[in-house]
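Q: Could you take a close look at the aromatic rings here and walk me through how they pair up?

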Amino acid sequence: MPTRAATVATPRRSSGSGRRAWGYAVVFLGCAICVGCPSPNQGDGRLETIWGRRGISDGRLRKPRALAINSDDEIFIVDMTARIQVFNRDGQHLRGWRMPDWENGRPTGISIDRAGNVMVADTHYYRILVFDSMGNRLPERTLGGRRGQRAGEFGLVTDAVEDSQGNVYVAEYGEYDRIQKFAPDGQFLLQWGGHGSESGQFIRPQNLAIDKSDHVWVADACNHRIQVFDATGDHAKLIRSWGQEGSDPGQLRYPYDLVLDGKGHVYVCEFGNHRVQKFTLEGRLVSLWGNVGRQAGQLHNPWAIVQDSRGRIHVLDTYNHRVQRVRL
């Protein structure tokens, strides 16, 4: 991990008694809280539901780091126990499975491909693993597995997404900070990026999204910006970049995830500012929600967001060990 990223990627832990007290206050016997009105001083969003509780048993979460949602509004969450758990959109636990290896570290990314399979960024094993929606591994779909800078090798992988043609894009950080593109059969096609802050470079490209034109959107976390590329040809072309470091509305601090709503907006989840902001595709602020804390409607280093079929945003409130659902 780059030095700059390391200074923010491991926030201080609160006391165990504080976590237990909050867990009992927010969720009693694992039931979700429904909140009918906005929380004060949280911005423009309307908080609807909170669910989740710290723990390692089924349905509980321990430092959840990534989430994805499929066409049935099933939410897939990977946490620090190296489990993939599946919930419905209201937080009811449906099923789960554990990653095959976890001694070296836990995954930090998860996404759904066009067929509904689950692609997991197995970060510390330098690979992308693919499962069907029930947790059966598809070994023929594995990408990587060897650390290195050559084509098809990886550093610390953070995310993988699939475009409309079945091509897969994989982001990685550490020494290389790049994105690699692979054909549907796993053949390497191209790569771009490199560690740095110049246009087209990255410092921890934490998450990816694909728009309707198959452009690749990158949450360039430690450069505090969003970059957009056209990689449909034989090289990647930067077509858009915006973001300025800061905590004012419209500024960014460690954007860890982004979601495109298909209606001209992008939602950005900020690990450093403990909030979600809604922008136009050109980077103009539309609305925002959240601030730091442990109360309902507050966030503590959120890692990821998804949008369900009803247009609601589900926020992975990582260091509060829960999910909050908001209309923004």
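Why does Phe202 count as buried?

A: Phe202 counts as buried because its relative accessibility is 0%, where buried means under 20% relative accessible area, exposed over 50% and partly exposed in between, using a 1.4 Å probe and protein chains only. Before going on, a heads-up: this is a predicted model, so local features need pLDDT of at least 70 and side-chain atom pairs count only at pLDDT 80 or more, while totals for chains, interfaces and linings use all residues. Residues are numbered from 1 along each chain as its sequence is written, and side-chain values use heavy atoms, with hydrogens and water left out.

Now the rings. The structure holds 11 aromatic pairs; rings of Phe, Tyr and Trp (its six-membered ring) pair if their centres lie within 6.5 Å, and planes under 30 degrees apart count as stacked, over 60 as edge-to-face and the rest as tilted. One of them is Trp51 with Phe87, a tilted pair at 4.8 Å centre to centre and 40 degrees between the planes. Trp51 sits in strand S2 (residues 46-51) and Phe87 in strand S5 (residues 83-87), so this pair ties together parts 36 residues apart in sequence. Strands (E, at least two residues) are DSSP runs, numbered from the N terminus. Trp51 and Phe87 are both buried.

Back to Phe202: with Phe229 it makes an edge-to-face pair, 5.7 Å centre to centre and 65 degrees between the planes. Phe202 is in the loop between strand S14 (188-193) and strand S15 (205-210), and Phe229 is in strand S17 (residues 225-230), 27 residues apart. Phe229 is buried too, with a relative accessible area of 2%.

Terms used: Helix = DSSP H or I, 4+ residues; strand = E, 2+ residues; numbered from the N terminus.
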